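Here are my notes on your model, written as numbered points. Keep the structure open beside you and find each residue as you read.

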Amino acid sequence: FKVKGGIGAISSRLTVEGPLKKNKGSFIISGRRTYIDLLMKAFIPDTSAFAGSSYFFYDLNAKFNYKLSDKDRIFLSGYYGKDVFTFSDTEGGFSADMPWGNGIASLRWNHIFSSKLFMNLNTTLTDYNFSFGSSQDEFRFTLNSGIRDYGAKIGFTYFPNARHKMKFGADYIYHTFT
């Protein structure tokens with residue numbers, strides 16, 4: 001079991017990893033966050049027209065793997081990250097915010113049929129979102145966009161002999177645009 005981290009001038013990070021079960025599975029989880037927004041508050045006085053403006057981002061990563069048998073392994077991976085930008089001009093009565101981020105998940109299964117035939121089955125989900133909002137006095141508008149993908153992929157590797165390798169499979173992806 002290990003824990004590793006660090007505190008920097010503009011960001012901090014932490015990673016935790018270890019076994020799930022001895023010789024069967026393990027995990028690693030990692031995250032970081034910037035604190036540029038907190039530093040900006042120190043340099044932009046509350047009396048400034050730009051008080052409330054900021055930027056920061058954070059992200060998380062995780063991976064789990066597990067040996068089901070000598071011929072089967074599964075892997076679960078995930079990522080989520082988000083950036084947040086806000087701008088404020090209190091004198092002009094104008095503000096804008098712009099968050100965007102992405103989430104990704106993957107589940108993979110590796111199977112060994114024989115010393116000559118291997119399979120990888122992978123399912124995925126990705127979800128990207130972007131937003132821009134602005135207001136001035138009584139007027140406010142927001143624009144949102146994104147894309148979400150669902151995917152599945154199966155691949156086989158076959159070794160008919162020591163000099164040849166054949167790969168074949170199928171891939172599917174479904175896109176949803178907003």
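1. Let's begin with the aromatic rings: a search of the whole predicted model finds 12 aromatic pairs. Rings of Phe, Tyr and Trp (for Trp, its six-membered ring) pair if their centres lie within 6.5 Å; planes under 30 degrees apart count as stacked, over 60 as edge-to-face and the rest as tilted. Phe139 and Phe141 make a tilted pair, because their ring centres are 6.0 Å apart and their planes are at 40 degrees. Phe1, Phe27 and Phe64 form one aromatic cluster.

2. A word on the ground rules. Residues are numbered from 1 along each chain as its sequence is written. Because this is a predicted model, local features need pLDDT of at least 70 and side-chain atom pairs count only at pLDDT 80 or more, while totals for chains, interfaces and linings use all residues; side-chain values use heavy atoms, with hydrogens and water left out.

3. Phe139 has 54% relative accessibility, so Phe139 counts as exposed, whereas Phe141, at 31%, counts as partly exposed.

4. Two rings also have a charge over them (NZ of Lys or CZ of Arg within 6 Å of the ring centre and within 35 degrees of the ring normal). The charged end of Arg33 lies over the ring of Phe56, 4.2 Å from its centre. Likewise, the charged end of Arg108 sits over the ring of Phe75, at 4.1 Å from the centre.

5. Arg33 leads us to Asp37, for the side chains of these two residues are joined by a polar contact of 3.2 Å. Such a contact is a pair of N or O atoms within 3.5 Å; within protein, one must be able to donate a hydrogen and the other to accept it, and residues adjacent in sequence count only if both atoms are side-chain atoms. Asp37 belongs to helix α1 (residues 36-43) and is buried, because its relative accessibility is 8%. Neighbours within four places in sequence aside, Asp37 is in contact (heavy atoms within 4.5 Å) with Ser54, Tyr55 and Phe56.

6. Side chains of opposite charge can pair when their charged atoms come close. How many salt bridges are there? Counting a side-chain nitrogen of Lys or Arg within 4 Å of a carboxyl oxygen of Asp or Glu, the answer is five. One of them joins Arg32 and Asp59 at 2.9 Å, N to O. This pair links distant parts of the chain, since Arg32 is in strand β3 (residues 25-34) and Asp59 in strand β4 (residues 54-69), 27 residues apart. Arg32 is partly exposed at 41%, while Asp59 is buried at 8%.

7. Arg140 forms another salt bridge, with Asp97, and the closest N and O atoms are 3.5 Å apart. Arg140 lies in strand β8 (residues 139-161) and Asp97 in strand β6 (residues 94-114), so the pair ties together parts that are 43 residues apart in sequence.

8. Finally, step back to the whole chain, which has one helix and nine strands. Helices (H or I, at least four residues) and strands (E, at least two) are DSSP runs, numbered from the N terminus. The pattern along the sequence is β-β-β-α-β-β-β-β-β-β. Buried residues make up 21% of the 178 residues.

Definitions and conventions. Buried < 20%, exposed > 50% of the residue type's maximum accessible area, 1.4 Å probe, protein only.
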